[in-house]
Amino acid sequence: MPLVYPKESLSVFPKHLTPGYRSTVKRSPSKPLIVVPHTLSELTGPVYGHDAIQENDNDLTRQHKSEPLGERIIVHGHVLDEDKRPVPDVLVEIWQANACGRYVHIVDQHPAPLDPNFTGAGRTMTDKNGYYKFITVKPGAYPWGNHHNAWRPNHIHFSVFGHSFLSRLVTQMYFPGDYLFPFDPIFNSVTDEKARARMVATFDLENTVPEWALCFRWDIVLRGREATPLDTDKH
Amino acid sequence: MSEITPSQTVGPFFAYGLTPKGRCEWDPNGQYSWKETVGDNLVTPDASGQRIHIEGRVTDGDGKPINDAMIEIWQADAQGRYANPRDNRALPNAAFKGFGRSATDKNGVYSFDTIKPGAVPGPNGKLQAPHIVVCIYSRGMLRQVYTRLYFADEAGNASDPILAIVPADRRGTLVAGKEKDGPNGTPAYRFDIRVQGDNETVFFDI
């Protein structure tokens, strides 16, 4: 059953221009975006096989000689479409700062130590049920230059593929109860409260592994839903 | 009310995870220890069709290079077929994926090596001119922007149904100019992306 990608679903996305996040001022389109119909080019997208993944690509604590410092956490959940059906066999990539809030990227030179046992990149594929799982350490808060004394809440960057190029999502996962939420212009660029809450993982005590790792659950809902008879009128 | 997960910026530090290749010049240790998932060379040994090189500079509202952008492209093969089950026509280019990823360098320049795509069916049975769907992510962008790359040497552009919707005075921003052939006689195209301002590239609301 072919999926459709109604633009109305994008209503929860942040606006391109959000002046509180300063770099959007010069990097947001100023002219109107042109509305065009979805063709085969938009309705298809890259498909990755499980051969794109190697063992331990999803375990960011086992990529070096020793384990990194920090709170070991499991991050897991399901990738779903707008009808809440699982999106199986899709690629999920993550990247993050270390437990001190420092990225290995050379442009991050702020005075927090690097961890010789942490790069901070991972990838996995969802299984038949759309389920994914990562093992990592909780990233620290990170200072940035947007405004005086600006700090990003703890976050993990996610890149997710769905059924089509339009369902492609790049976003950030946040942690429950973060005291920095009220002050972060990126988090607050999402103006709908329920939509903001969808970017925040839930603490998953049931799947915590005793004496080993805390667990957070985070489901990701992508564009794409089954067509209804009404939709066929629009194309 | 939409229940999808909202987008957030890709931020300035994606390279070591998403585009590690070619980034080693930034790392004092010589390289990031992570293998790329997908790179900027889409050519597979069995792919039929014309090999081409695409290059361009991405600039912001002040005309300054955006040196921390990620560009993704999605295209059909030389026969105009997509490597996706939704396109159920047979694939002669079995391994050609049609998907590539590149990061801009310190001059704001990205590049791809690929196969020139064939024409793809469009709405109402009309054929679309050969094109590549281009998606841009960067720090300062809270959501990706989509555009299309058409080729200056394709007569089909004149009857492309999507280009026809674009205001005539902005269509040129979607056409990659032909440059001098590369070292092996590989045709080269230039596709600059101006995110904001003078001669702003057309982006699609899709």
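I began with A:Glu211, which I found to be exposed, with 5 other C-beta atoms within 10 Å. I note at the outset that this is a predicted model, and that every entry below should be read with that in mind.

**Two residues with positive phi**

I looked up where A:Glu211 sits, and found the residue in the loop between strand S11 (202-203) and strand S12 (214-217) of chain A. Its phi is near 65°, a positive value in a residue other than glycine. I wrote beside this that most residues other than glycine have a negative phi.

I then turned to chain B, where B:Asn124 also has a positive phi in a residue other than glycine, with a value near 55°. B:Asn124 is placed in the loop between strand S5 (120-121) and strand S6 (127-128) of chain B. Is B:Asn124 buried or exposed? I counted B:Asn124 as exposed, since 8 C-beta neighbours lie inside 10 Å and the cut-off for an exposed residue is 12 or fewer.

**Chain B as a whole**

For its extent I noted that the C-alpha trace of chain B spans about 50 × 45 × 40 Å along its principal axes. I also recorded that 46% of the 206 residues of chain B count as buried. Among the contacts in chain B with a separation of 6 or more, 68% come from residues 24 or more positions apart.

In chain A I traced an open sheet of four strands, in the order S5-S4-S9-S10 and with antiparallel pairing. S5 and S10 of chain A stand at the edges with a single partner strand each, so one side of each is left without a neighbour in the sheet. Direction ignored, neighbouring strands of this sheet are turned by 25° against each other on average.

Within the sheet I followed the pair S4(A) and S9(A), which is antiparallel and held over four bridges; here A:Val92 stands opposite A:Val160 in S9(A). Which residues have the most contacts inside the largest nonpolar core? I found A:Val79 and A:Val160, in a core of 108 residues. Setting aside neighbours within four places in sequence, I listed the contacts of A:Val160 as A:Val79, A:Val90, A:Val92, A:Leu169, A:Ile220 and A:Leu222.

**Where chain A meets chain B**

I next examined the contact between the chains, which takes 67 residues from chain A and 64 residues from chain B. The elements of chain A that give two or more residues to this side include helix H1 (24-27), helix H2 (40-43), strand S4 (91-95), strand S5 (121-125), strand S9 (155-160) and strand S10 (169-174). By class, the side of chain A that touches chain B has 34 nonpolar, 20 polar and 13 charged residues.

Definitions and conventions
Residues are numbered from 1 along each chain as its sequence is written. Chains are lettered from A and ligands numbered from 1 in the order in which they are written. This is a predicted model: local features need pLDDT of at least 70, side-chain atom pairs count only at pLDDT 80 or more; totals for chains, interfaces and linings use all residues. A residue is buried if 20 or more other C-beta atoms lie within 10 Å of its own, exposed if 12 or fewer, and partly exposed in between; C-beta atoms are placed from the backbone. Two residues are in contact if their C-beta atoms, placed from the backbone, lie within 7 Å. A nonpolar core is a set of buried Ala, Val, Leu, Ile, Met, Phe, Trp, Tyr and Cys residues joined through C-beta atoms within 7 Å. Ala, Val, Leu, Ile, Met, Phe, Trp, Tyr, Cys and Pro count as nonpolar, Asp, Glu, Lys and Arg as charged, and the others, Gly among them, as polar. Two strands pair if DSSP finds at least two bridges between them. Axes are lines fitted to C-alpha atoms, for helices over the stretch in contact, and angles run from 0 to 180 degrees between N-to-C directions.
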